[in-house]
Amino acid sequence: MDVQKTIVKVLELFKTLAILYGFSWVIFASTAFYYFNQDKPPQKLSDAQVIDYIENKPLSLSETATKGKALFTEYCGQCHTTSDEVVVGPGLKGIQERQKITWLREWIRNSPKLIASGDKYAVELFQKFNRTPMSTFPQLKDEDIDAILKYVEEVNQ
């Protein structure tokens, strides 16, 4: 009787060892890929590759921002960027931190009218950018302007 109990215990021990051995192979196999390229230094990207990635990185935009991207491309992209970069007019990154949405809507629809009204910020912008008036976009609805601003915001997150 004691021999049978001993044999059962030995078999249970072998079973446990077999399970542990199997787990060790699973762990080895799942982490082995990490160690294969450790002898190679990380690939350095050229400045051109980094710039290309930044400019062409895939964006996950909301539906509103996707609409805004199309509107930005059609109406704004000739003179503005979504970054800090100045083209003809200022870069639009952080635009909603500089002005309220109601002011921005009025400016986008008819900047010369806002300048003529004597609005301090409008006059400063006009003078800062070589007294070049921004094109007027009276056809843009509030939701269109909001979509453009949403696009600029999401691109800069």
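What share of the contacts in the protein chain between residues at least 6 apart in sequence join residues at least 24 apart? The share is 57%, where a contact means heavy atoms within 4.5 Å.

This is a predicted model, in which local features need pLDDT of at least 70 and side-chain atom pairs count only at pLDDT 80 or more, while totals for chains, interfaces and linings use all residues. Residues are numbered from 1 along each chain as its sequence is written, and side-chain values use heavy atoms, with hydrogens and water left out.

**Overall build**

The protein chain has 8 helices and 0 strands; helices (H or I, at least four residues) and strands (E, at least two) are DSSP runs, numbered from the N terminus. Of its 157 residues, 24% count as buried. Buried means under 20% relative accessible area, exposed over 50%, and partly exposed in between (1.4 Å probe, protein chains only). The accessible surface is about 12000 Å², and carbon and sulfur atoms account for 59% of that surface; the areas come from the Shrake-Rupley method with a 1.4 Å probe, and for residues only the protein chains shown count as cover.

**Helix H5**

In H5 the buried residues are Trp 103, Leu 104, Arg 105, Trp 107 and Ile 108. They pack against H4, helix H6 (111-116), H7 and H8.

**The largest pocket**

The largest pocket holds about 640 Å³ of space. On a 1 Å grid over the protein atoms alone, a pocket is an open set of points where a 1.4 Å probe fits, with protein on both sides within 12 Å along at least five of seven lines; lining residues have an atom within 4 Å of a point. Grid points are joined across faces, edges and corners, and the volume is the space filled by probe spheres set on the points. The pocket is lined by 33 residues, and the closest to its centre are His 80, Gly 89, Pro 90, Trp 107 and Met 134. Helices H3 (63-76), H4 (95-98), H5 (101-109), H7 (120-128) and H8 (142-155) each supply at least two lining residues. H7 gives the most, with 5 residues.

| Class in the lining | Count |
|---|---|
| Nonpolar (Ala, Val, Leu, Ile, Met, Phe, Trp, Tyr, Cys, Pro) | 22 residues |
| Polar (the others, Gly among them) | 6 residues |

**Cysteines**

The structure holds 0 disulfides, a disulfide being a pair of cysteine sulfur atoms within 2.5 Å. For Cys 76, the nearest cysteine sulfur is that of Cys 79, 8.9 Å away. Cys 76 is buried, with a relative accessible area of 11%, whereas Cys 79 is partly exposed, at 30%.
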